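The entries below follow the order in which I looked things up.

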Amino acid sequence: INTLTKIYIKFASDVEFSYSERRSYLERNLQMYKEMKDYKKYNSTKERLALLLEEQAVSILDSQGYDIELVAARIFAEAASIFLDIHNVEKYKLLIDKVKTLDPKLKLPKPQNSDFIIEALN
């Protein structure tokens, strides 16, 4: 399993694969780390996933198309939600600001007070 997770991480970093394929590899790793109860690697993989989503949103903004701002805002919001899950409140706030700029009407995940308490303890 450890060898397989390393292969998936390598594939998730390979820009030759599409964003959806890279995301799929990271999500497979998340499932394996969860089953192995390796929460340190689980959280670092969640961070990789959030960074990949952020990269995808930036790529969408650089492209041309219909409602690219709205699509990018939703992907930024998903990445922000993942950062909130792993208690990276600073990155969460940064992405939420981008989302508010791109799509002010989008409903956003709200941090709970416990999220800020955990950050203060770390």
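**Helix packing**

The model I consulted is a predicted one.

I then looked up the geometry of this pair. Helix α2 covers residues 19-36 and helix α3 covers residues 39-62. Their axes lie 9 Å apart, and the packing angle is about 165 degrees.

Next I listed the residues that make the contact. From α2 I noted Tyr19, Arg22, Arg23, Leu26, Glu27, Asn29, Leu30, Tyr33 and Lys34. From α3 I noted, among them, Tyr39, Tyr42, Leu49, Leu52, Leu53, Glu55 and Gln56. By class, I recorded 9 nonpolar, 4 polar and 8 charged residues for the contact of α2 with α3.

**The pair α1 and α2**

I turned to helix α1, residues 2-13. Its axis and that of α2 come within 8 Å and cross at roughly 155 degrees. The two helices are therefore roughly antiparallel to each other. I noted a left-handed crossing where α1 passes α2.

For the contact, I listed Asn2, Leu4, Thr5, Tyr8, Ile9, Phe11, Ala12 and Ser13 on the α1 side. On the α2 side I listed Arg22, Tyr25, Leu26, Arg28, Asn29, Met32, Tyr33 and Met36. I recorded the classes in the contact of α1 with α2 as 10 nonpolar, 4 polar and 2 charged.

As a last entry, I noted that Arg22, Leu26, Asn29 and Tyr33 of α2 contact α3 and also contact α1.

Technical notes
Residues numbered from 1 in each chain as written. Predicted model: local features only at pLDDT ≥ 70, side-chain atom pairs only at ≥ 80, totals over all residues. Heavy atoms only, no water. Axes fitted to C-alpha atoms, helices over the stretch in contact; angles between N-to-C directions. Helix = DSSP H or I, 4+ residues; strand = E, 2+ residues; numbered from the N terminus. Contact = heavy atoms within 4.5 Å. Nonpolar A, V, L, I, M, F, W, Y, C, P; charged D, E, K, R; others polar. Parallel < 35°, antiparallel > 145°, perpendicular 65-115°, else oblique. Left-handed = near helix turned anticlockwise from the far one by under 90°.
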